[in-house]
Amino acid sequence: MRTRNVTLLMLIFGIVVGTFHCAVTHAQNAPEASEKGKEVYEQSCAHCHGTEGRGDGSAAENLLPKPRDFTRGLYKIRSTESGQLPTDQDLFDIITIGMPGSSMPGWETSLSAADRWEVVAYIKTFYDGFKESEAPPRQISLEGKIAYSEESVETGKGLYVELGCVECHGNVGRGDGTSAPTLTDEWGFQTWPANLAQSWNFRGGADTEAIFKRFIGGIAGSPMPAFEGDSFLHFGLTSEESKRLTELENKDEMTEAEEAESEQFYEKMDEAVNIALNRVEGIELTAAEQQTYDDAMQVVYEKSWHLANYVKSLAPEERPEPAIGKNVLRSQYVQDELPGMEDAAWETLQSSHFPLVGQVVIEPRQFNPTIDSVNIKSFYNDTEVAFLFIWDDRTHTTGDETDETTGKPLEDALAIQFPVKVPQGPTAPKPYFLWGGRLPVYLWHWKASAPEQVVELTAKGINSAEVQDAQGALQAQGAYTDGQYKLWVKRALKTDDKKDLQLEPGVFVPIAFSAWDGANGDVDTKRVMSSWYTFVLEPVPSSRRFVYPPLIAVLSLGLLFGLRAVVQRRNS
C-alpha cells in the first residue's frame, strides 16, 4: 500500500512539474519591459534599428540587408510556424549569436545574459501583436526527421529542381539563380538568396534541423516562402497523386476521363489550401479538417527533410581555416609542364582559404560585401609558376553598366598583390596593405570583360596604381560558371623587370587580394580585400635523401664486419 502511495505521489508531482513547465513555456522567458531594457537597446541596437524600432537608425542607410523593422512583427529566424511570432528564446538566440553574413553581430561577449533578456522584452513593445497573442506560438515539430544519407540527398536534389529552388539559389546553390537579381523584401529593399555552399553564413544555424525550420516556417519579410498551403507544389496530394497530376498537366490533350481525374486533384488541393489558410487565421478546425491538414503536411515534412539533407550536402561541415600557419599556401613542385585551368591535377591539391572583408578605410567604402573569400591552389616547375584562383559571385558583370557617381564601368575583377621586394625575414617591414605606400607593390589585375588577360601594375598607394610599361608574358584564362569564377594565371619565376616579383623556392612571399563585385556597386576603392598573407614555393625534394640511407647502411655494415675481424684476431 505504501509503495502505491509513493508511486501516486511521484505521478502527481510529475504532472505538477510538467504543468509548471508548460506554464513557463507559455509565459515565455523574458522579463517585463523595463527602463533597463530601453537603456541597453538605445546604447547597442538603436544605431541600426532606430529608437522606435523601425529599422531606420543612423547606420541603416549603409547596410544591406537593411536592419529589421520591429514594428511589423516579421522576424526571419524562428522556431515557429508560418505566420506565428517568434518565441522569446528565438529572439534571445538571435541577439546572442547574431546574423552571420550581415551587419548584425552576436552580443554574447558584449552584453550579459540578463541584459540580452531585457532587450528581448523591450523589442516586443514595438509590436502590439505580442500583447494581443493569448496562446503561445505554434512551434515547428521535428518529429519524423529523416536521417542524412546519400539516398536522401539524391531525393532532395530532385526536389531542389522540382520545387523551384533553382530559380533563386541557382543550379548548385550559390545564389545565382535567374530570379536572384530581382528579389526584394517586404520593405522594397533588394535582397539576395543565400549562397548554400557557404553554410557559415546561414542565419539561424546550418544543421539539418535549422534548415528544415527555414522551409516550414519560411523567412518572414523575405522572398523565401514557407512550405505550406498554396506556397507548396501540389499541397494536399500524396506523392503518387502529385506525380500523376504532373503527368496529366504535361499532356497536350486530355481525355474526358483524364480531365475529370485532374479536376478531382485540383478540388482536393483547394480543400487542403483553404484549411491551411483557416488555420493561419486562427479558425478552429474540425477533426476531419485537422486530419486533412495533417495528411497534407506529412508529405511536406518528408520532402522538406530530404531537401534539408541536400542543402546540407552543398557546403563543408565548417568554414575552411584561413591560410595561416599550417594552412599557408604552398605551391607544389612538378617536373613536367604546369597544368592548365581544367586539368585534373588541380583536384589533387587542397585549396588555401583567404577571407575577404569590405574596404572601410578610404572613401568610397564597402560596408556590404558580397564576396567573402578567395580559394587558391598553385604548382610550379623549374621555370614557371601557375595559380588557380576560385571565388563565388552571384552575378556575372562585365562592365555594361556604369557607376552613377564616378561614371566608371561596374565590373567583376580580381587583383593579386605582392611586394616588389620580398621582405628579408618575418619582422622586416612590408608595404602598406592598401596597395603600398613608401614601399611599392606589384599587382596582377584581372577583369571579367577580358578573361584572357592579366595586367601588371605597380602602386605606391590605393589611388596611385600605374600600368607597367613592360608587360611580362603572363598567361591567363578566366571562366564563370554557376555563380563561381575560376582564374588561371601562369608566369615565369624570374623576369628582367626590376618592378616585378622574383620568385625562388623556400622563400615566404607576402600576398594579398582585392575583389570587385560589379553588381554590388564595387568600383575603385569600394571593394573587398585582405591584409597580407603568405605563400611559398615548396622546396624541391632533394634526391640526396634517397642516397644517404643506403650509404649509411653500407658504412654501418662495413664497420660491423671490421669490428668483428678485430675481435677475432685478438681472440686468436
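What is the mean pLDDT of the protein, and what share of its residues reach 70 or more? The mean is 90, and 90% of the residues reach 70 or more. This is a predicted model. The protein has 572 residues, of which 43% count as buried. Its secondary structure comes to 13 helices and 16 strands.

**Confidence and contact range**

- Residues 1–27 stay under 50 in pLDDT.
- For residues 1–27, the model has four contacts beyond four places in sequence.
- Where pLDDT is low, predicted coordinates should not be read in detail.
- Take the contacts between residues at least 6 apart in sequence: 65% of them join residues at least 24 apart.

**Nonpolar cores**

- The largest nonpolar core holds 38 residues.
- Within this core, the residues with the most contacts are Phe354, Phe389, Trp391, Phe418, Trp444, Phe513 and Phe535.
- Several strands each supply at least two residues of this core: E4 (373–380), E5 (384–392), E8 (413–419), E9 (441–447), E13 (484–492), E14 (508–516) and E16 (533–537).
- Leaving aside residues up to four places away in sequence, Phe354 touches Ala323, Leu329, Asp372, Ser373, Val374, Ile376, Ile511, Phe513 and Tyr533.
- Another core lies apart from the largest one and has 29 residues, including Ile275, Ala296, Trp305 and Val311.
- In soluble globular proteins, nonpolar side chains tend to be buried together.

**Helix H2 against helix H5**

- Helix H2 covers residues 35–44, and helix H5 covers residues 113–123.
- Their axes come within 8 Å and cross at roughly 95°.
- H2 and H5 are therefore roughly perpendicular to each other.
- H2 brings Lys36, Gly37, Lys38, Val40 and Tyr41 to the contact.
- H5 brings Asp115, Glu118, Val119, Tyr122 and Ile123.
- By class, the contact of H2 with H5 has five nonpolar, one polar and four charged residues.

**Helix H11 against helix H12**

- Helix H11 (residues 256–280) packs with helix H12 (residues 287–313) at an angle of about 105°.
- The two axes are 9 Å apart.
- H11 and H12 are therefore roughly perpendicular to each other.
- On the H11 side, Glu271, Ala272, Ile275, Ala276 and Arg279 make the contact.
- On the H12 side, the contact is made by Glu289, Thr292, Tyr293 and Ala296.
- The residues of the contact of H11 with H12 divide into five nonpolar, one polar and three charged.

**Helix H4**

- Seven of the 10 residues of H4 are buried, so H4 is largely enclosed by the rest of the structure.
- The buried residues are Asp88, Asp90, Leu91, Phe92, Ile94, Ile95 and Thr96.
- Their cover includes H5 and helix H6 (129–132).
- Just after H4, glycine 98 takes a positive phi of about 85°.

**Lysine 213**

- Lysine 213 sits in helix H9 (residues 208–217).
- Its relative accessible area is 23%, so lysine 213 is partly exposed.
- Not counting residues up to four places away in sequence, lysine 213 touches Arg78, Ser79, Ile140, Leu142 and Gly218.
- Phenylalanine 227 is 14 residues from lysine 213 along the chain, and their C-alpha atoms are separated by 9.8 Å.

**Backbone geometry in loops**

- The leucine 64 to proline 65 peptide bond is cis, with omega near 0°.
- Proline 65 lies in the loop between helix H3 (46–49) and helix H4 (88–97).
- A cis peptide bond also runs from glutamate 363 to proline 364, with omega near -10°.
- The place of proline 364 is in the loop between strand E3 (357–358) and E4.
- Tryptophan 435 is a residue other than glycine with a positive phi, near 65°.
- The loop between E8 and E9 holds tryptophan 435.
- Tryptophan 435 counts as buried because its relative accessibility is 6%, under the 20% cut-off.
- Aspartate 482 is not a glycine, yet has a positive phi of about 50°.
- Aspartate 482 is found in the loop between strand E12 (475–481) and E13.
- With a relative accessible area of 26%, aspartate 482 is partly exposed.

Methods: Residues numbered from 1 in each chain as written. Predicted model: local features only at pLDDT ≥ 70, side-chain atom pairs only at ≥ 80, totals over all residues. Heavy atoms only, no water. Axes fitted to C-alpha atoms, helices over the stretch in contact; angles between N-to-C directions. Helix = DSSP H or I, 4+ residues; strand = E, 2+ residues; numbered from the N terminus. Parallel < 35°, antiparallel > 145°, perpendicular 65-115°, else oblique. Contact = heavy atoms within 4.5 Å. Nonpolar A, V, L, I, M, F, W, Y, C, P; charged D, E, K, R; others polar. Core = buried A, V, L, I, M, F, W, Y, C linked by side-chain atoms within 4.5 Å. Buried < 20%, exposed > 50% of the residue type's maximum accessible area, 1.4 Å probe, protein only. pLDDT = per-residue confidence, 0-100.
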